[in-house]
Amino acid sequence: MKSFKKLALTAMMTGVLAITAACGAQGTEGNKEQAGEEVKQLQGEIKIDGSSTVFPIMEAVVEEYGMTQPNVKVSVGSSGTGGGFEAFIAGETELSNASRPIKDEEATALKEKGIDYTEVQLAYDGLSVVVNKDNDWVESLTIEDLQKIWIEDGTTKKWSDINPDWPAEEIKLYSPGTDSGTFDYFDEVILDGKPIVEKATLSEDDNTLVQGVQGDKNAIGYFGYAYYAENKDTLKIVKIDGGEGPVEPTNETIESGEYAPLSRPLFTYVKNTAIKDQEEVYDFVKFLLENAATLSEDVGYVKLPEEEYTKQLDTLETLK
Amino acid sequence: MNLINHESVVKRMKPRLSKNSISKWIFFALTMFVLLILGVLLYRIFSQGLGYLDLQFLQSLPSRKPENAGVYAALIGTIWLMAVVAPVSLLLGVGTAIYLEEYAKENAITNFIKVNISNLAGVPSIVFGLLGLTVFVRALAFGTSVLAAGLTMSLLVLPVIIVASQEAIRAVPNQLREASFGLGATKWQTIVRIVLPAAIPGILTGGILALSRAIGETAPLVVLGMPLFLAFLPKTFFDMITVLPLQIYNWTGRPQAEFHALAAAGIIVLLVMLIIMNSIAVLIRNKFQKRY
């Protein structure tokens, strides 16, 4: 009996401790609130969800925004482009990140719910096609070559099928999973709706793809530019020939649009009524457009040309 | 006449002894293999993450700059999550176990319930995520709050707690109950004063192990659509939170190697929490178990 009481006491103490910890946390936030009173302090809550590709940009923006507007509670999720739109349609979020343009059925669903939205372009990402460092034969590939490599046609693909001078060894393919916006984009510009090679290794984790290509001489893979940029020393980039000669993805060629067709814009979709009715949402989107250029480069993406941001800022003013 | 045929015994002794030592070495090798895997895992995580693990890491919010990033929000979020999961799952779980063991009659319905509870314990966690999304986030409109996440996690660990509590209650010797009844105690008095105190070590061990599982689960929370980045901390049970496994999951997916090291540091924090909780379970068991 005595030990039972002791136990109950221990349990209570733990509870009290947990609550104290939580209260302590509130205290520190309260102190922060008293700082910086030059800017007009807004209040409110902004919920963002969507593409995991766009997540790092949003995280950076929210981090910076929190320094000017600590009372606006912004949360960013990363359920993927499709999952984000699902929540956006259900009216759970104000902003929905996407690594591809909105699909027709998603747009229709939003219309049925009476949700008007504005598409905001944040940055570019250049899908990078890479091969193993020891691969000394591939320098550049045309769109037709990529289609020959990636579309399933019942045969086992060998490098020699693409160019007779190349070794007669099987090509090992590494691709992002079919749920990702990266795959959707590749599907649209290269696969054209046809099935991807069945033997291809699909993974939702791009680091797995990086490791796969690093470890296999006959491998080829594609993923976002940031993953190539971080692994430049251990991967070999393939120049892409979109009809006007081979182009290597770099910040300059992606920004200028020269690296085509594999450079893609990254978006966030904003609920129009939220811009109108919630001052903090308007303020956040404005901050987003003003800072997206530097912050997206910070996390490994490529900024849009300056005038694109100005144009979108003008559009934002008309929505207010 | 020899009762024991020494010759045949000696003949059969050798192969039996060698069989014995071979199996001993096989099982020793298997144990070592498991330990080796654990060792490799720990080495990898500690060599990668230790450099990032300092007070600043525990006190900072996530950041795009790895050197400024930390797990503060996730750590507080995990504590908040526990504040919901622990009472809800323990009350419901122990209550159910008391009913099933002490009150319910042995019949088809009771058996059906028991079988299904065991089945629930084996349901993949992502399914509970879908349940939570439909019921708590959407239907009851809790949103992605502490409450929704906590209730989902409670459901996830509930079967484990029920089964552990059932075992603990069943292990209480029947003579104790009979003695209590014999002294004129009612059923409820017997349960509260005799059965529960005797069963508490088993119940708490099971409960704490179940809570440890709730701390480490990621899949259901991903399905619920829990946010990954929060620049604020929760104040009520209706606020949003992010938790440690989500933060780790997010960092491992980043292209930059520094974030992978941060993930390893986050894993160390999570491991330390788990080890502390498991040690409490072991301590409780050792302290209260020697009652008879």
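1. A definition to start with: two strands pair if DSSP finds at least two bridges between them. Helices (H or I, at least four residues) and strands (E, at least two) are themselves DSSP runs, numbered from the N terminus. With that in hand, look at where the chains meet: strand β2 (residues 72-76) of chain A and β1(B) run antiparallel, joined by 2 bridges. Here A:Ser75 stands opposite B:Leu230.

2. Some housekeeping. This is a predicted model, in which local features need pLDDT of at least 70, side-chain atom pairs count only at pLDDT 80 or more, and totals for chains, interfaces and linings use all residues. Residues are numbered from 1 along each chain as its sequence is written, while chains are lettered from A and ligands numbered from 1 in the order in which they are written.

3. On confidence, pLDDT is the predictor's confidence in each residue, from 0 to 100. Chain B has a mean pLDDT of 87, with 98% of its residues at 70 or more. For the complex, the predictor gives a pTM of 0.76 and an ipTM of 0.71.

4. Now to the wider interface. Contact (C-beta atoms, placed from the backbone, within 7 Å) links 28 residues of chain B with 38 residues of chain A. On the chain B side, the elements giving two or more residues are α3 (72-103), α8 (187-216), β1 (229-230) and α11 (257-288). The largest share, 4 residues, comes from α3(B). By class, this side of chain B has 19 nonpolar, 6 polar and 3 charged residues; Ala, Val, Leu, Ile, Met, Phe, Trp, Tyr, Cys and Pro count as nonpolar, Asp, Glu, Lys and Arg as charged, and the others, Gly among them, as polar.

5. Within chain A, do have a look at strand β13 (residues 263-271). It is largely enclosed by the rest of the structure, because 8 of its 9 residues are buried (20 or more other C-beta atoms, placed from the backbone, within 10 Å of a residue's own). Strand β4 (residues 117-126) of chain A runs antiparallel to β13(A), with 9 bridges, and A:Tyr124 stands opposite A:Pro265. Strand β3 (residues 95-98) of chain A is also antiparallel to β13(A), through 4 bridges; there A:Ser96 has A:Tyr269 as its bridge partner.

6. Finally, chain B is assigned domain 1 (6-52) and domain 2 (57-288), with bounds from an automatic or database domain assignment. Their C-alpha centres lie 34 Å apart. Their contact takes 6 residues from domain 1 and 8 residues from domain 2.

Note on methods:
Buried ≥ 20, exposed ≤ 12 C-beta atoms within 10 Å, placed from the backbone. Contact = placed C-beta atoms within 7 Å.
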